[in-house]
Amino acid sequence: MKDQLFAYVLRLADDAAILGQRLGEWCGHAPTLEEDIGLANIGLDYIGQARALYTYAGEIEGKGRDEDQLCFLRHEREFSNCLLVEQPNGDFAETIAREFFFAAFMLPFWTRLKASRDETLAAIAAKAEKEAAYHLRHSAEWVIRLGDGTGESHERMQDAVEALWIYTGELFEVDDTLATLIADGIAVDPEPIRTEWRETVARVLSEATLAIPEEGYAQTGGRSGIHTEHFGHLLSEMQYMQRAYPGLKW
Amino acid sequence: MKDQLFAYVLRLADDAAILGQRLGEWCGHAPTLEEDIGLANIGLDYIGQARALYTYAGEIEGKGRDEDQLCFLRHEREFSNCLLVEQPNGDFAETIAREFFFAAFMLPFWTRLKASRDETLAAIAAKAEKEAAYHLRHSAEWVIRLGDGTGESHERMQDAVEALWIYTGELFEVDDTLATLIADGIAVDPEPIRTEWRETVARVLSEATLAIPEEGYAQTGGRSGIHTEHFGHLLSEMQYMQRAYPGLKW
Amino acid sequence: AEREAAFQGRIDAEEKIEPNDWMPEAYRKTLVRQISQHAHSEIVGMLPEGNWITRAPTLKRKAALLAKVQDEGGHGLYLYSAAETLGVSREELTEQLLSGKAKYSSIFNYPTLTWADIGAIGWLVDGAAIMNQIPLCRCSFGPYSRAMIRICKEESFHQRQGYELLLTMCRSSEEQKAMVQDALNRWWWPSLMMFGPSDKDSLHSAQSMAWKIKRFTNDELRQKFVDATVPQAHFLGLTIPDEDLKLNEETGHWEYGEIDWSEFARVLKGDGPCNRQRMKARRKAHAEGGWVREAALAYAEKRAARRAAKSAAA
Amino acid sequence: AEREAAFQGRIDAEEKIEPNDWMPEAYRKTLVRQISQHAHSEIVGMLPEGNWITRAPTLKRKAALLAKVQDEGGHGLYLYSAAETLGVSREELTEQLLSGKAKYSSIFNYPTLTWADIGAIGWLVDGAAIMNQIPLCRCSFGPYSRAMIRICKEESFHQRQGYELLLTMCRSSEEQKAMVQDALNRWWWPSLMMFGPSDKDSLHSAQSMAWKIKRFTNDELRQKFVDATVPQAHFLGLTIPDEDLKLNEETGHWEYGEIDWSEFARVLKGDGPCNRQRMKARRKAHAEGGWVREAALAYAEKRAARRAAKSAAA
């Protein structure tokens, strides 16, 4: 149980840390000043979530690892974030599509996790739920604006939706670790979220005049540390300081 | 003297290692298959030079550091390559301009270094001279082809020449370290190379129908470890494995 | 001339000038130039620090840095808004920045090479900015003065945060302390240059003083900064990279060596270590974001048209 | 029909068919498909390994990897040339690759996640390729056969190099040995799939055998590979990720478990872990290189025109 809980909290932490890292890459380079601020804001939410979750994971593990050791001193194959969050920022449409697909899942996810038997997770969820509501609103508005904007923005937004679609199925994956914790009332069963997620996606894409991709193969692997080739490069940058100067206080 | 020689060999090694690293980034992404092979070839020459030079630097230092410790375990401020070689690949024109400016200096440089009182350096120079002759021919041909190709290629090549011009002056910089070694007949005095370099550049740019930039401010700092902001990112990628897995054999 | 006198009278009485009030054209121009330059500095200033967001050594520092850079974006927004009350649009101002017509603070043309630079920027650059900005909280132009009050509060938080970062490093290891010293060596003189040319060479100053846009001379502010900063450096155990620096026991001021004004002029002219990269980054962001801004505009127009059609039908 | 019989007679006599010789259209088509697929595989195959050039752990390994990937580019060149002797241009073939019409080896749709993957590709992927290619050195079509002789020599060097890399890691530390085991776990089954569908499901095979384009069946080659590789894995101290693997003492062959052909079909269809990224990378390189290729062409034409003008004037 402890092992599963540790793995579960780590997944959530990795999701948040990696997406926060990606959003941090935008800083100073966004299409408008408002979005520079907006994307940084969302990035900050994720980093905050990552900190709380890593800290809790470290407590569960009980080996004295803190948030930074878990974030900066694990190897690629030990990271268990989903593949969606590690995808490169691409153009603004891709960043928005990634955010939208993820937030459309995370909002109902956190809402349900508030009822977890694990009180720490429930408390983290209560805070994260509010943040996810904003992330979903922000990204959905942009999906609509870009989808129903100009010819070029429509095409880019459609391309982005299609490029990332293959990574959305992993959000609903249930493996043994998760099944055990669901049975125990600790983790959220993602299956019932599927309908809600599909409805959100359908509603927003349709308002955006975008075609909804067909159900297809769901690329997975992230939860067991099999990432896309982008991930190693992200890690080499993110972890560089802790790797180059081990064991120091910053 | 030993300190100066160590610093000098390290500069040459860093130049080669960093330019080799940059050229390696192209692999699989060049504009033609022939250039994929050609740029890799040149990259290999630089990595070979870096290996010989780092190994020799380690011997001079006498602290048991080998080529890999010198390349992968020094910090940004300790790297003494010139700023030119660390500039990003940019488009193909920028890569070619960087190569051309550098090779137009290095060919006469190695020719002169063959006469160094330091036999190891002289031996390295003899081999590197042949390589530099090819690098110069390859890049000069492309400068001409792109400069005198289409309107777009002309403009890109001109932009590249202008963007990198500010980093060419550093090649001729003489500081105390260098002055001592020049006086001793070990290092090459870059000053006399200036005329030859200018002639090469003028001849090739003019055949390429490109304008020669005016003499302007020469950005320096690389030799004392003050790099451009691109450099830290290059390093975090290049050194990641040795940083993340210290002290292992590969 | 009568209006001018009345205007000056209001200034002398420390009244705030508001956007709809009459003002001399030169006053408006001076303010537009200064406020927009300040706004541009905030925007360009996001880049050197932004360079380290992806490499911050801890999550806490990453969050603090991201928040700080975000604050700078926010300052840019307030300031562009303040400038807009004077009748210039953000688009115009952005165009001036990207074309190279408008200036921004030269300090942002220096590179961030190590993590200690992030602390040094907070401590020295924000520290110098605050010295410049505190008197601006009492600036005669209302919107600017109010923007500055808000900005100063945040900047002073950033400055303390930067100093604390360096303190942590200096106390953690000799290696890190050396990094901090190196950062101080590189940022000290450029920070002093942030106050602008020496009084004897400074343009615009007298008129700006009369208009209460400026309340202290460049050299006065620079001295304040040096006096405040030297003891802080000593507390960190660092050496200021100035052999001529010494405390004048009589005046109580720290006297500093000659500033290299040729470097100042060169960087201002465009040949600093990062001028090209900064402009390239801003232009790239602007160019690559073009389709997004167009789409947002197109969508807003479509929506407005739909609403109009609806209400016409109703 | 008479020509066909004469052609088959030459083949049966182990004569080489050369580009200018008559050949059945189906023979030509089969060869173009096979050679171009092979060429495309070399080109796409540069990407997974290229992913580690900038991160190789030592300079020696960096040079070896770069040289290896360069060799693959070279193989691509020979093979495109061999295909060109059959009347299809490199541009056409590239177009087929980029449009998704032509296939390449599915193995390159798997990601390289750790440095051990670089060794595993050399050992397993090049090892499997050699098994496929050695018989092709005796292929009935001359240019292909000669290209394969050269390629096989280099591939076998790469294979030894890959194995040596893994050996070094396995002997250096337990941590690295675990990385190697992990790489084997991920690359083993895809490597077995490189030999193509099981004989009972394999198209084209009988005719290719008759034409001596192919000399062994997929399953025969796969078995050779398994027999050669299993002892090598054991020498490294690794476990093959196949619970059903066992040595049949009578036949001397290693019997292996059921291959997941649904995975094979899926990756072939386009839903492998990296199909999209590989095509995107190739398309991007091609698109971004467009202006360079145009310029080279324009320049060559200008120069030719100048020369013609000169010789006309002379």
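How are helix 6 of chain B and helix 7 of chain B oriented to each other: parallel, antiparallel, perpendicular or oblique? In this predicted model, the axes of helix 6 (residues 119–147) of chain B and helix 7 (residues 151–165) of chain B come within 7 Å and cross at roughly 130°. The two helices are therefore oblique to each other. Helix 6 of chain B contributes B:Val143, B:Arg145, B:Leu146 and B:Gly147 to the contact, and helix 7 of chain B contributes B:Ser153, B:His154 and B:Met157. By class, these residues comprise three nonpolar, three polar and one charged.

In chain A, helix 2 (residues 33–61) packs with helix 6 (residues 119–147); their axes come within 11 Å and cross at roughly 160°. An angle over 145 degrees counts as roughly antiparallel, and helix 2 of chain A and helix 6 of chain A are therefore roughly antiparallel to each other. Their crossing is left-handed. On the side of helix 2 of chain A, the residues in contact include A:Glu35, A:Leu39, A:Ile42, A:Tyr46, A:Leu53 and A:Tyr56. Helix 6 of chain A meets them with residues including A:Leu121, A:Ile124, A:Glu131, A:Tyr134, A:His138 and A:Trp142. The contact of helix 2 of chain A with helix 6 of chain A has eleven nonpolar, five polar and three charged residues.

In chain D, helix 2 (residues 25–50) and helix 11 (residues 275–288) pack at an angle of about 110°, and their axes are 10 Å apart. Helix 2 of chain D and helix 11 of chain D are therefore roughly perpendicular to each other. D:Ile43, D:Val44, D:Leu47 and D:Pro48 of helix 2 of chain D make this contact with D:Arg278, D:Ala281 and D:Arg282 of helix 11 of chain D. Of the residues in the contact of helix 2 of chain D with helix 11 of chain D, five are nonpolar, none is polar and two are charged.

## Interfaces of chain A

Chain A is in contact with chain C through 46 residues of chain A and 47 residues of chain C. About 4000 Å² is buried between chain A and chain C, and carbon and sulfur atoms give 69% of that area. On the chain A side, A:Leu33, A:Met241 and A:Trp250 supply 18% of the area buried against chain C, more than any other three residues. Three salt bridges are found across the interface of chain A and chain C.

The contact of chain D with chain A involves 21 residues of chain D and 17 residues of chain A. Chain D and chain A bury about 1400 Å² between them, with 46% of it on carbon and sulfur atoms. Within chain D, the residues that lose the most area to chain A are D:Arg55, D:Leu113 and D:Gln277, together 35% of what that side buries. Two salt bridges are counted between chain D and chain A.

## Salt bridges

Over all chains, the count comes to 74 salt bridges. The table gives examples.

| A:Arg77 | D:Asp182 | 2.4 Å |

Because A:Arg51 lies in helix 2 of chain A and A:Glu67 in helix 3 (residues 67–72) of chain A, the pair ties together parts that are 16 residues apart in sequence.

Definitions and conventions. Residues numbered from 1 in each chain as written. Chains lettered and ligands numbered in written order. Predicted model: local features only at pLDDT ≥ 70, side-chain atom pairs only at ≥ 80, totals over all residues. Heavy atoms only, no water. Axes fitted to C-alpha atoms, helices over the stretch in contact; angles between N-to-C directions. Helix = DSSP H or I, 4+ residues; strand = E, 2+ residues; numbered from the N terminus. Parallel < 35°, antiparallel > 145°, perpendicular 65-115°, else oblique. Left-handed = near helix turned anticlockwise from the far one by under 90°. Contact = heavy atoms within 4.5 Å. Nonpolar A, V, L, I, M, F, W, Y, C, P; charged D, E, K, R; others polar. Buried area = accessible area lost by both parts, 1.4 Å probe. Salt bridge = Lys/Arg side-chain N within 4 Å of Asp/Glu carboxyl O.
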